Structures are given as structure tokens and as C-alpha cells.
Amino acid sequence: MDIFETMKGRQSIRKFRKDPIPKEHILRMAEAASWAPTAGNSQNFRFIAVQDRETLARMRGIVDEIVSRVTRSETPGDKATYHNLFAFAPAAICVVGAPYESATDRTLRDKDPERYKARRFQVNPGLQGISAGITQFILAACALGYGTCWMTGPLIAKQELESALSVRYPEELLAIIALGKPDAAPPKPPRKPASEITTFR
Ligand SMILES: Cc1cc2nc3c(=O)[nH]c(=O)nc-3n(C[C@H](O)[C@H](O)[C@H](O)COP(=O)(O)O)c2cc1C
């Protein structure tokens, strides 16, 4: 598939068929992600591909419990929600990232703490590279005929999920990609025209 077609054709999928996903397909997506640019070529991400139904159910239980505690609402029962839909997919790809600190960051930390803070926490080159990796993963998935939903909603239960997946400091769980063959493709959300988001100087 042409890359422009893939980029335009991809959309968030929130209902999946039950077909299991061959490991080789997940590895092809991970390989596509590995070619993403990362700050200092740090390649500071990895994936935990969860396909085990029991683990997915445990993760969903954790998310549902925290959401209902925080929002003081009933747990959703068997319903898929914005926060837990990954657990209804054949696979949940948990994106684990490590912090990135360049030589410039280390210099700034001592010499200019304000610039250090802006670069590290607002510009956040480490996180930008991880996003590039996720983007390449989901585009590769789309090219292979899979649907994905990039999710940070479940991270309302970040610490609890990290503990369930044995993700330890300095690594962090940063996103979950719901992955599977699409069961329903909702209408595509519209986009701003390129001429509106681009200026030339
Ligand atoms: C960083 C990020 C976090 C997101 N988190 C969620 C989420 O938790 N649950 C969900 O259903 N969709 C989530 N989405 C999907 C967005 O809602 C979706 O990409 C957006 O509405 C545009 O739709 P499209 O992906 O179909 O083009 C997330 C997307 C991104 C990039």
C-alpha cells in the first residue's frame, strides 16, 4: 500500500474481530517502529504484546476500578469504554519508554535550570521519539490489514498497570495500542486542511 494511502486510510478502530494475531505480524510492526527517528537515536522504547486473555482481563479490572474510584461511578460491567477497550482487542501492545537525556540537557541542568526544564518537560525529545515509534507501529499495522487504537486513557491507572506488567523505574508505561482485525470502521473524524495548518515565510 502506498504510504500516503496508508496514512490517510488509518483510523482509530475500537471494535475488533477475535482472530488471534501471529507473532510474526507483531514483530513486523515492531520492526517498522524501530526505524522511527528518536532523539540521539536513543531507541528508548519497547513493546509488551499482551495476548493472554487472563492478563487482559486483569488489566481491564485495574483500569475499571481506578476509573470508577476517580469518577465515583459504577464500573462498566462488560462494556468497552474509552479507557478499557484495549482489553476487548486480540492484543494490547503496551508501550514502555525510557527517559532520554542528551549532553545538552546535562549542561543545561547545571548552567540554565529554566531552559533545562522547558526542554526536558515541554519539548521532551525523549517522548517525541517514542511517539514517532508508535506512529510507525500503527501505520505498519494498518498496511498489514490491522486496526489500532492509540490509547492513553488506560494510563489513568499508570502505576497499577506498571506494577501488573513489572515495568520498573526508570522505564514507564506510556501508551497502550489496541490491535486486531477491524470489526467496524466508524466515520472518519475530519481534518483541518493543510493550508490552514501550514504557513510559509
Ligand atoms: C496520544 C493519544 C491518546 C489517545 N487516547 C485514546 C484513548 O485513550 N481512547 C480512545 O478511544 N482513543 C484514544 N486516542 C485516539 C484519538 O481519539 C483519535 O486518534 C482521534 O480522535 C482522531 O481519530 P482517528 O485516529 O480515527 O483519525 C488517542 C490518540 C492519541 C494520539
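Which element gives the most to the lining of the second largest pocket? The model shown is predicted.

Figure 1. The side chain of R191 places an N or O atom 2.5 Å from an oxygen atom of the ligand. For the side chain of S12, the distance from an N or O atom to a ligand oxygen atom is 2.6 Å. Y82 takes part through its backbone, where an N or O atom lies 3.1 Å from a nitrogen atom of the ligand. On its own the ligand has 620 Å² of accessible area, and the protein covers 72% of this area.

**Figure 2. The largest pocket.** This pocket has a volume of about 300 Å³. Its lining comprises 14 residues, and F16, K18, R53, F88 and A89 are the closest to its centre. The lining divides into 7 nonpolar, 1 polar and 6 charged residues.

**Figure 3. The second largest pocket.** The space in this pocket amounts to about 210 Å³. Among the residues that line the second largest pocket are G97, P99, Y100, R120, N124, L127 and E172. Two or more lining residues come from each of α5 (113-123), α6 (125-143) and β4 (172-180). The element that gives the most is α6, with 3 residues. In this lining, 7 residues are nonpolar, 3 are polar and 2 are charged.

How values were computed: Residues are numbered from 1 along each chain as its sequence is written. This is a predicted model: local features need pLDDT of at least 70, side-chain atom pairs count only at pLDDT 80 or more; totals for chains, interfaces and linings use all residues. Side-chain values use heavy atoms; hydrogens and water are left out. A polar contact is a pair of N or O atoms within 3.5 Å; within protein, one must be able to donate a hydrogen and the other to accept it, and residues adjacent in sequence count only if both atoms are side-chain atoms. Accessible areas come from the Shrake-Rupley method with a 1.4 Å probe; for residues, only the protein chains shown count as cover. On a 1 Å grid over the protein atoms alone, a cavity is a set of points where a 1.4 Å probe fits but cannot get out, and a pocket is an open set with protein on both sides within 12 Å along at least five of seven lines; lining residues have an atom within 4 Å of a point. Grid points are joined across faces, edges and corners, and a volume is the space filled by probe spheres set on the points. Ala, Val, Leu, Ile, Met, Phe, Trp, Tyr, Cys and Pro count as nonpolar, Asp, Glu, Lys and Arg as charged, and the others, Gly among them, as polar. Helices (H or I, at least four residues) and strands (E, at least two) are DSSP runs, numbered from the N terminus.
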